[in-house]
Amino acid sequence: MSAREVPVTVPGDPPLAGTLTLPDTPGPVPAVLLAPGSGPLDRDSDHRGMRFGVTRELAAALAEGGLASLRYDKRGVGGTPGDWRRAGLSDNADDLVRARDALAARDEVDAGRIVLAGHSEGALLAAMAAARGVPVAGVVLLAGSATPGDELLRWQARQIGPTLPAPVRGLLRLLRTDLESKVAANHERIRATTTDVARIGGARVNARWHREFLAHDPRADLARLTVPVLAVTGAKDLQVRPEDLAGIAATVAGPVETLLVPDLTHTLRRQPGPASLRAYRGELRRPVDAEVLGVVVRWCRAVTGADRTAA
């Protein structure tokens with residue numbers, strides 16, 4: 001099925017530059033709003049260092065399945081003005097809500113059949129937006145967390161430490177540096193800041209986002225979700241606890257489907273051998289896992305009634 005892409009601007013402060021991808025089917029059609037992950041990502045989930053391409057590939061797969069989608073550049077990235085370092089987690093959630101309203105206003109889209117789908121931070125944002133009562137038909141959580149932010153970052157340090165190159169691990173031992181303790185100490189420095197941007201360990205960081213993330217417990221939002229939820233996480237994810245799938249299933253108030261994908265990492269690609277961040281660059285030369293794309297498309301079609309409409 002062919003698709004066409006239409007440039008859109010989500011009104012507000014700042015205006016968000018995005019792309020509406022439409023299937024080659026008569027409208028109005030169901031649609032999926034794609035929430036990006038953390039950091040300075042553009043509408044395709046790419047940034048200067050790494051091209052994840054998650055939302056771009058999701059948009060193409062959804063269009064092939066007869067569903068429209070909207071993806072957008074985050075603040076200060078691509079065609080969206082602003083400074084991503086000054087945006088808090090709550091600002092990013094506000095942007096997602098604005099984007100949903102803009103998507104619902106499109107003539108090509110059935111406003112009553114919109115799904116929120118997010119990857120990584122985007123999964124948190126999708127849950128936050130839906131928990132506010134924003135009208136949606138369902139929520140897709142790709143590599144979503146059910147762990148408080150400060151606890152999750154300490155867990156990440158424990159997982160990532162053993163995967164570091166041997167010389168780095170040796171240096172840490174020589175300096176008697178415990179990675180998790182160092183992360184916790186940086187958290188305290190960030191909590192003590194009051195500005196949007198602060199210098200921590202010699203680097204300028206988005207301090208406001210980190211303060212909000214550290215204090216954020218996603219279970220509060222998950223407990224408010226009464227719409228259907230699909231949660232997909234990789235068994236080799238080093239940035240989100242695969243065990244959180246059970247927490248999501250136990251916490252969400254509405255119907256939930258969960259899927260743990262063997263060998264899948266946080267990039268939504270599969271990785272043979274021991275899980276390691278060092279393999280990311282090689283993984284990103286491959287497309288997003290076909291099983292993940294297929295599961296998301298089929299679930300979104302079912303929850304929006306696209307299968308019944310086609311029949």
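This is a predicted model: local features need pLDDT of at least 70, side-chain atom pairs count only at pLDDT 80 or more; totals for chains, interfaces and linings use all residues.

Visitor: Got it. So which residues of helix 2 and helix 7 meet?

Guide: On the helix 2 side you have Leu-89, Ser-90, Asp-91 and Asn-92, and they meet Arg-208, Trp-209, Glu-212 and Phe-213 in helix 7.

Visitor: How do the axes of those two helices cross?

Guide: Helix 2 covers residues 89-104, and its axis comes within 7 Å of the axis of helix 7, crossing at roughly 90 degrees. That makes helix 2 roughly perpendicular to helix 7.

Visitor: Why are Trp-209 and Phe-213 separated by about one helical turn?

Guide: Because they are four residues apart in helix 7, which spans residues 207-215.

Visitor: Are Trp-209 and Phe-213 buried or exposed?

Guide: Both Trp-209 and Phe-213 are buried.

Visitor: Speaking of buried, how many residues of helix 3 are buried?

Guide: Eleven of its eleven, so helix 3 is mostly covered. The list includes Glu-121, Gly-122, Leu-124, Leu-125 and Met-128, and among the others are Ala-129, Ala-130 and Ala-131.

Visitor: What do the buried residues of helix 3 pack against?

Guide: Quite a list. On the strand side there are strand 3 (29-35), strand 5 (109-119) and strand 6. On the helix side there are helix 2, helix 7 and helix 8 (218-222).

Visitor: And what happens just after helix 3?

Guide: Gly-133 takes a positive phi of about 95 degrees there. Further on, Ala-137 lies in the loop between helix 3 (121-131) and strand 6 (138-142).

Visitor: Is Ala-137 buried or exposed?

Guide: Ala-137 is buried, with a relative accessible area of 16%; the cut-off for buried is under 20%.

Visitor: Which residues is Ala-137 in contact with, leaving aside neighbours within four places in sequence?

Guide: Gly-112, Arg-113, Ile-114 and Val-115 are among them, and so are Val-227, Pro-228, Val-303 and Thr-304. As for Ala-111, it sits 26 residues from Ala-137 in sequence and 9.6 Å away in space, C-alpha to C-alpha.

Visitor: Switching topic: how do helix 1 and helix 11 pack?

Guide: Helix 1 is residues 54-64 and helix 11 is residues 290-304; they pack at an angle of about 50 degrees, with their axes 10 Å apart. That makes helix 1 oblique to helix 11, and the crossing is right-handed.

Visitor: Which residues make the contact?

Guide: Helix 1 brings Glu-57, Leu-58, Ala-61 and Leu-62, while helix 11 brings Leu-293, Val-296, Val-297 and Cys-300. By type, the residues of this contact divide into seven nonpolar, no polar and one charged.

Visitor: Last one. Where does Gln-156 lie?

Guide: In helix 4, residues 149-160. At 15% relative accessibility, Gln-156 counts as buried. Leaving aside neighbours within four places in sequence, Gln-156 is in contact with Leu-238 and Gln-239.

Note on methods. Residues are numbered from 1 along each chain as its sequence is written. Side-chain values use heavy atoms; hydrogens and water are left out. Axes are lines fitted to C-alpha atoms, for helices over the stretch in contact, and angles run from 0 to 180 degrees between N-to-C directions. Angles under 35 degrees count as roughly parallel, over 145 as roughly antiparallel, 65 to 115 as roughly perpendicular and the rest as oblique. A crossing is left-handed if the near helix is turned anticlockwise from the far one by less than a right angle, and right-handed if clockwise. Contact means heavy atoms within 4.5 Å. Ala, Val, Leu, Ile, Met, Phe, Trp, Tyr, Cys and Pro count as nonpolar, Asp, Glu, Lys and Arg as charged, and the others, Gly among them, as polar. Buried means under 20% relative accessible area, exposed over 50%, partly exposed in between (1.4 Å probe, protein chains only).
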